[in-house]
Amino acid sequence: MTGYRIDQLLDIEQVRRLLESHHRLSQMAYGVFDADGNEVIAVGWQDICVRFYRAHPVTCARCRESDAFIKAHLHDFEGEFLEYRCKNGMIDVAMPIIIDGEHAATFFSGQFFYEDDRPDLEYSLMHGEGLGFDLEEYLKALERVHVLSREHVRSNMLFLRDMVAVLARCGLNNLRFAREAEERKRVEEELRVREEEFRALAENTPDTIARYDRECSRLFANRAFAALAGMPEEELLGKAPTTYSSSPAAVEYEARIRGVFQSGLVDEYEFSWPDREGRQITSHVRIVPERNREGRIASVLCVGRDITEWKRYEAELLHRAKLQERLAAVAAAVPGFIFTIRVEPGGRTCFPFASDGIEDLFGIRPEEIRDDAAVLRARYHPDDLARHLELVAESGRTLAPFRIEIRVNHPDKGERWVEIRSNPQRQPDGATEWHGVMIDVTERKRMEALLAAREQYQRTLLDNFPFFVWLKDKESRLLAANQQYARVAKAGTTRELEGRTDFDFFPRDLAEKYVADDRAVMAGGAMKNVEEMYSDENGELHWMETWKSPVFVNGQVVGTVGCSHDITDRKRNEQMLLERAELERRQSQYFRVAPGYFYTLVLRPDGTLFVPFASDGVIDLYGLRPEVVTKDLSLFFSLCHPDDVEFTSMKMEQSAREMSPYHVEYRINHPEKGERWIEARSLPQREPDGSILWHGFMYDITTRKWMEKELQRKNSELERFTYTVSHDLKSPLITIKSFSGSIKSDLASGREDRIETDLNRICTAADKMAALLDDLLELSRVGRIVGAPEPVDMAALVREVLKNMEGVLNENGVQVAVHPELPTVQCDPQRMMEVVQNLVENAVKYRGDQTEPRIQVGLREEGGRRVFFIQDNGPGIEPKYHENIFGLFNRLDTRIPGTGIGLALVKRIIEVQGGSIWVESEGCGVGSTFCFTLK
Ligand code: ADP
């Protein structure tokens, strides 16, 4: 590449003049264009082109087309030059001028016609007319266009092209030469500057610098070298090192210089030698070959440096490195991250030492922070960083150690707590270094938080604990206590209690006792539980229950823990319970001796019933155990007589509704005793929970009921008796009275014959009256004089009765049949004889029209009981009288003498002995059977 433009290579004016001269010879127009196509020279340009074709838009477009064609094909034409006939009919030729292989310019000619290819003039004129040209001028211009032979054109083109090329090449050479001269001058200047710089450097450097030629003769020595050698610089020149010293150092120095001349390689070495003061100096020497332009080693440069200090420093560094190595080993063995952080006066912060522990703590490698601490600080929690930097700045100012806990963000573990402790040290260069350690305290923090939460929890628990709780040291001084305690001690906060003793809050005697208890508990090593009285500020007495325990730390008693609560209410309740138990004990004794059953019945709001208390009386009354009743009432209720269930329930509902006393009499089916009458009485009471509670009492009134019935029966019997007695006794009295009157009138009228008859009648009436009174007397005595039951052979008893009645039976022709196996029974034999006799007598007396009266004394089994009977074949008794005939004075046939007391007497005797009696008869003419049972 030449890198030059054509106008730099050619003397354009000279070439133009040359081309103008040549134009005059050749008649040809010439042009030179630079590589970009810009016109540099134009000579002999034809009017036809300049004034017409390039002036008119239509023909000018053709000219540009021609220009474009030439430009496009300048490097790919065939032949010696590019030839083109333009659309305006003119010939254009062009060729490139190549200098040093580069297209430097284009040589152009044209605007002519070949003599063998002239265009038609007429056509040209017509064409010119069509374009509006001034035909006259146009024709003149056309005529001025040169007509040339092809050979003429070729030889001129080639000649001129070569000429221009030669000129250009000459120009190029000239330019190059000028440029090289300039370059040389520049290099020489640069060399001079460098030499000056070298000298300035060499003279001012503390290093020794010397240059030697092949003969080891010194060409240059700097000031430092002269100072070291102790000679003026100029005296050193031209001498080899061994010329003024034969020391081993000088010998080695010279030998090494020669070695570099031989090898052409840089040499360097160190050597030690004593200086003039006898100090051991270590120097480092570097011997560098210096080559000339031909590459030959013209000289060597020796640069020596006093490295005594550096060596000492190196030893120091080595020592430090070993120390660091040891520190790293220690750091690796201890948990956490050990570091030295350095803050330089300019603010640069780095870590000269960082143990591998950093990786665990921050997830970064020690080398990442060696030169810049920013990587590490980027991991600090933004909220903690400012605080940390403040502390660091403060510590840097005061040189006081600092300690901080901050949060850091570990890439894998997330947020962690780190504790940083470090000691600052000011360095000689003004920097500050902190030696410290960072430890992961996340777990400790978590435990602390847990502990705090637990403490809070315990504190809350203790403060809400309804007990007084405290902790004392060995001297009975309070270490802690809860709010309850503070309240009693009249301390504002629990903190105020700390360090104080019982003497500060309680009367002296009590405090002494409490302290003595503490000592006893500590000495005994076991928990103590006491109940004690204490009087509060109002003089009110309280019962307190207190537990005290010794507190051990590492097996040593260090104090006591105590807990106390007010049990006054509990004590009061206990007392009440004791009193109630005593009451219940007494009550149960009453219940045991009192007849009947005492109970408490509860109707719950949900409608269910239960019995919390049932006395033992229920065993006798219902045949049930109290515990059965208190457990389940269904069995109890199931014993109630079906006819009385509705009535008793209704009464209870009424009592609950109206809170009125409950009082009922009802029947039950006692499992052993059968039907029993019960009277129940109770008073309702409403409980706070809406329940209704009855305290009640039940007892057996079966006997009373029976007696009432009996009394009723007896009353009606007495009524009837009074009536009948007065009536029946009246009838013989009237008889007596009327016959007495008859006797009186008979005596007065002297009819004495009738007196005897009347007297007989009076006697009969009196007898009847006597019999009546006897029977009555007998009846009244039965209840009182039935003897104690004894075994009685009924067969013998019947035989005796029949024997006594033998006369009457025979007299009336009555046949009597007796059951062959009458048993022995328990009864009063005397009264039983009266029963049998009475019934047999009635059978005889009321035989009616029976001509063959028969009596059967028998026994039959019926429903598991023995039924004795006396059967006759008399007229019988209508069923409607079956009950009636056993009533006092009731008689069916008054024509037959009798008192109507017999059957009443029999019934009384049987019933007094626990049996019953009845009659079986279908009435008229079929006989009667009187049956009885015994207990
Ligand atoms: P009394 O014999 O003194 O009339 P009782 O009390 O012995 O009194 O009898 C009451 C009544 O029962 C009798 O008046 C009689 O009408 C009737 N009576 C008793 N025994 C029989 C009998 N075996 N057959 C028919 N009637 C009888």
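Predicted model: local features only at pLDDT ≥ 70, side-chain atom pairs only at ≥ 80, totals over all residues.
**The shell around the ligand**
- There are 19 residues around the ligand, and Tyr846, Asp872, Arg891, Thr899 and Gly900 come nearest.
- By type, the shell consists of eight nonpolar, seven polar and four charged residues.
- Two helices, α28 (829-845) and α29 (902-912), each supply at least two residues of the shell.

- Asp872 has a polar side-chain atom 2.9 Å from a nitrogen atom of the ligand.
- In the side chain of Arg891, an N or O atom is 2.4 Å from an oxygen atom of the ligand.
- For Leu903, a polar backbone atom is 2.9 Å from an oxygen atom of the ligand.
- The ligand taken alone exposes 530 Å², and the protein buries 96% of that area.

**A nonpolar patch on the surface**
- Three residues, Trp310, Tyr313 and Leu317, form a nonpolar patch on the surface.
- Together these residues of the patch have about 340 Å² of accessible area.
- Leu317 lies in helix α11, which covers residues 308-333.
- Leu317 counts as partly exposed because its relative accessibility is 39%, and partly exposed is the class between buried, under 20%, and exposed, over 50%.

Methods: Residues numbered from 1 in each chain as written. Heavy atoms only, no water. Near = heavy atom within 4 Å. Polar contact = N/O pair within 3.5 Å; in protein donor to acceptor, adjacent residues only side chain to side chain. Areas by Shrake-Rupley, 256 points an atom, 1.4 Å probe, with all protein chains shown as cover. Helix = DSSP H or I, 4+ residues; strand = E, 2+ residues; numbered from the N terminus. Nonpolar A, V, L, I, M, F, W, Y, C, P; charged D, E, K, R; others polar. Patch = residues over 30% accessible without salt bridge, like charges linked within 9 Å, V, L, I, M, F, W, Y side chains within 5 Å. Salt bridge = Lys/Arg side-chain N within 4 Å of Asp/Glu carboxyl O. Buried < 20%, exposed > 50% of the residue type's maximum accessible area, 1.4 Å probe, protein only.
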